[in-house]
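I opened this notebook to record what I looked up in one protein structure. The entries go from the whole chain to single residues.

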Amino acid sequence: MGSVPSASADKFADDDYPAYSMGRAAEILGVTPAFLRSLGTAKLIEPQRSSGGHRRYSRYQLRLAARARELVDQGTGLESACRIIILEDQLAEALRLNAELAKRDEPA
């Protein structure tokens, strides 16, 4: 077996690479394509488009969609679930940045 070319290996490691079609994403998550479209309408995820205009989802977007499904399955309204996820994501990013800044300010 040959080795995977570097560009392909980068795509495998990239959580933001739009690797999944709408049908495959819906299958993985156990949701309908309509549910995925509703997440786009609610501004939780904005899928990229293939050259043919088809929605393409990344692993990161699938994780957000899975969290939305979890909240909706627990009885949270879709709009509220999306807002919760956006706030959770913002908090995680802020905590990551704070940790990075704290590490930078440590004495050598």
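The entries below follow the order in which I consulted the structure.

**Entry 1: the basis.** I noted that this is a predicted model, in which local features need pLDDT of at least 70, side-chain atom pairs count only at pLDDT 80 or more, and totals for chains, interfaces and linings use all residues. Residues are numbered from 1 along each chain as its sequence is written, and side-chain values use heavy atoms, with hydrogens and water left out.

**Entry 2: the whole chain.** I found five helices and three strands; helices (H or I, at least four residues) and strands (E, at least two) are DSSP runs, numbered from the N terminus. Along the sequence they follow the pattern α-β-α-α-β-β-α-α. I looked up burial next: of the 108 residues, 23% are buried (buried is under 20% relative accessible area, exposed over 50%, partly exposed in between, with a 1.4 Å probe and protein chains only). Among contacts (heavy atoms within 4.5 Å) with a separation of 6 or more, 59% join residues 24 or more positions apart.

**Entry 3: the sheet.** In which order do the three strands stand? I read S1-S3-S2, in an open sheet with antiparallel pairing; two strands pair if DSSP finds at least two bridges between them. Strand S1 (20-21) and strand S2 (48-49) are at the edges with a single partner strand each, so one side of each has no neighbour in the sheet. S1 pairs with strand S3 (residues 55-57) over two bridges, and Tyr20 stands opposite Tyr57 in S3. I also noted that H4 lies across S1 and S3, at about 85° to S3.

**Entry 4: H2 against H3.** I looked up how helix H2 (residues 22-29) meets helix H3 (residues 33-41): their axes come within 9 Å and cross at roughly 105°. Axes are lines fitted to C-alpha atoms, for helices over the stretch in contact, and angles run from 0 to 180 degrees between N-to-C directions. H2 contributes Met22, Ala25, Ala26 and Leu29 to the contact, and H3 contributes Pro33, Leu36 and Arg37.

Entry 5: Met22, in helix H2, counts as buried at 13% relative accessibility. Beyond four places in sequence, I found Met22 touching Pro33, Leu36, Arg37, Arg55 and Tyr57. Arg24, also placed in helix H2, is partly exposed, with a relative accessible area of 40%. The C-alpha atoms of Arg24 and Tyr57 are 9.2 Å apart, although 33 residues separate them along the chain.

**Entry 6: the core.** Of its 20 residues, Leu36, Leu39, Leu44, Ile45 and Tyr57 touch the most other members. H2, H3, helix H4 (59-73) and helix H5 (78-105) each give two or more residues, and H4 gives the most, with five. Apart from neighbours within four places, Leu44 is in contact with Leu39, Leu64, Ala68, Cys82, Ile85 and Ile86.

**Entry 7: Ser58.** Is Ser58 buried or exposed? I found Ser58 buried, at a relative accessible area of 2%, in the loop between S3 and H4. Leaving aside neighbours within four places, the contacts of Ser58 are Asp15, Asp16, Tyr17, Pro18, Ala19 and Tyr20.

Methods
A nonpolar core is a set of buried Ala, Val, Leu, Ile, Met, Phe, Trp, Tyr and Cys residues joined through side-chain atoms within 4.5 Å.
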